[in-house]
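Opening the notebook on this one. I want to look up charged pairs first, then a helix packing.

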Amino acid sequence: MSTSINNSYEAVIGLEVHAQLLTESKAFAPVSTEFGGSPNTQVTPLCLGHPGTLPVLNENLVRYIIKMGLATNCDIAKKSIFARKNYFYPDLPKGYQISQYETPICHDGHISIKAEGEEKEIGITRIHMEEDAGKSIHDQDPYNTLVDLNRAGVPLIEIVSEPDIRTPQEAYAYLNRIKQIVQYLEICDGNMEEGSLRCDANVSVRPKGQKKFGTRTELKNMNSFRNVERAIQYEIDRQIELIESGGEVVQQTLLWDANKMETRLMRTKEEAHDYRYFPEPDIPPVVVTEKMLDDIREELPELPDVRQQRFADEFGMSEEDAYNLTENRYLADFYEETLEYAENPKAVSNVVLTEVLRVLNERSIDIRSFPITPERLGGLISLRENDKINSSAMTEIFDAMLEVDKSAEELAKEMNLLQVSDAGFIEPIVEEVISDHPDEVERYRDGKKGLIGFFIGQVMQRSQGKANPNLVRELIAEKLEE
């Protein structure tokens with residue numbers, strides 16, 4: 001498909017993001033939600049769909065979704081109700097899911113994203129509460145599908161965007177912003193690989209300038225941000241090619257195959273009436289009071305876009321550095337804690353964005369598992385800023401600190417890497433170097449001022465790298481001007 005044909009179409013994209021909440025118990029049953037338990041050990045009669053069981057609403061589910069609603073500029077419904085969404089899956093024993101339909105608790109919000117250098121506001125239609133289904137496992141038995149119901153009933157929120165997204169890059173930026181917000185609020189860990197953040201995409205195309213939406217398809221099974229971006233681009237190209245060849249897009253649900261980098265049919269798309277929604281008779285309406293809203297507002301942390309702007313303003317860092325430091329709440333926390341022990345914000349950001357991130361990537365760990373505490377890292381940066389060690393020594397000490405739980409100063413002494421700033425130690429070496437190189441001294445005094453680097457190098461070599469280079473420069477300049 002030529003670029004000119006692709007450019008004559010516009011994509012219309014909406015995302016449905018499910019976030020698994022970090023509550024200690026399930027949405028409607030007092031049983032653990034901890035990840036990784038033995039199959040079917042974290043269940044109750046309610047999770048198993050036994051008749052006569054009654055759901056009891058987890059209050060933290062309500063508090064967490066209100067936090068998300070406030071953080072995404074939503075209106076919060078003073079009264080909302082649950083509904084039964086009826087469908088049969090092997091891992092949904094009740095035969096229905098407790099969700100919300102006509103009266104979601106959060107609605108009409110928006111967030112700002114930045115994609116391809118442009119700021120854009122994406123509307124949020126609704127955020128509602130629901131419970132998760134269990135998990136079907138297809139790869140542990142060659143003849144049977146196994147069912148684990150530990151996940152059945154785990155609390156979810158579903159964040160439904162307006163169809164305001166136009167490119168795969170905007171979808172990526174939107175999803176990343178949602179992940180940031182849930183992590184900053186500490187209501188979800190945002191891990192797509194473990195399924196705690198899941199995304200479905202509704203995609204259609206239309207000729208540019210046309211107001212009417214095209215026929216949409218729904219994409220599922222995307223387990224990373226990049227796969228969301230790739231799947232959407234593939235589906236845009238597929239639909240345009242289909243239309244250009246005289247075909248017609250059919251509304252359906254597609255699965256993304258990350259290995260083959262293509263989609264395949266899952267089922268014909270259901271409509272709302274297929275689920276036979278009706279009000280949940282066993283759970284009373286959720287009533288949100290002004291006091292409850294005020295209390296939750298006070299609990300809200302500084303959100304990522306606000307923190308990013310503060311970092312840029314307060315610490316004078318570039319927009320890119322501020323974004324990279326605040327993309328992850330815990331990295332931003334680590335940076336600010338390190339600043340308590342080192343005064344130079346730029347020096348700290350340089351080390352965090354280079355050396356610290358390098359180690360995190362190499363070891364595939366989170367900043368919360370980083371072996372060097374902010375206090376120890378701040379101590380190392382302070383040693384360098386105060387010229388007690390040189391940059392080469394700083395690298396050596398940093399590597400040692402990854403393996404040994406000692407302060408930077410302790411290691412600098414043990415490794416004999418502390419610089420000497422004692423003029424009584426350095427001055428005799430300077431005099432010796434000047435005495436040994438009369439030709440270079442004469443050339444320097446004749447105007448070859450760049451030779452001062454030669455003298456500094458000689459002094460550093462004879463002091464075995466211990467001499468403070470700034471003091472060395474001062475003493476050499478003073479002696480050569482005599």
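**Salt bridges, then a helix pair**

Started with lysine 220: it forms a salt bridge with aspartate 200, and the closest N and O atoms sit 2.7 Å apart. I note that this is a predicted model. The pair ties together distant parts of the chain, with lysine 220 in strand E12 (residues 217-222) and aspartate 200 in strand E11, 20 residues apart. Lysine 220 and aspartate 200 are both buried.

Next I checked arginine 198, which meets aspartate 132 in a salt bridge at 2.9 Å, N to O. Here the partners are 66 residues apart: arginine 198 belongs to strand E11 (residues 197-207), and aspartate 132 to the loop between strands E7 (118-131) and E8 (135-137). Buried or exposed? Aspartate 132 is buried at 6% relative accessible area, while arginine 198 is partly exposed at 23%.

Lysine 291 and aspartate 295 form a salt bridge (2.9 Å, N to O); both lie in helix H5, 4 residues apart, about one turn. Lysine 291 is exposed at 57%, and aspartate 295 is partly exposed at 30%.

For the tally, I get 36 salt bridges in the structure. I also found a network of them that includes Glu186, Arg307 and Asp333.

Last entry: H5 again. Helix H2 (residues 59-71) packs against helix H5 (residues 290-299) at about 70°, axes 10 Å apart. I call H2 roughly perpendicular to H5, because 65 to 115 degrees counts as such. The crossing is right-handed. Contact residues include Val62, Ile66 and Leu70 of H2 and Met292, Asp295 and Ile296 of H5. By type, the contact residues split into 6 nonpolar, no polar and 5 charged.

Terms used: Residues numbered from 1 in each chain as written. Predicted model: local features only at pLDDT ≥ 70, side-chain atom pairs only at ≥ 80, totals over all residues. Heavy atoms only, no water. Axes fitted to C-alpha atoms, helices over the stretch in contact; angles between N-to-C directions. Helix = DSSP H or I, 4+ residues; strand = E, 2+ residues; numbered from the N terminus. Parallel < 35°, antiparallel > 145°, perpendicular 65-115°, else oblique. Left-handed = near helix turned anticlockwise from the far one by under 90°. Contact = heavy atoms within 4.5 Å. Nonpolar A, V, L, I, M, F, W, Y, C, P; charged D, E, K, R; others polar. Salt bridge = Lys/Arg side-chain N within 4 Å of Asp/Glu carboxyl O. Buried < 20%, exposed > 50% of the residue type's maximum accessible area, 1.4 Å probe, protein only.
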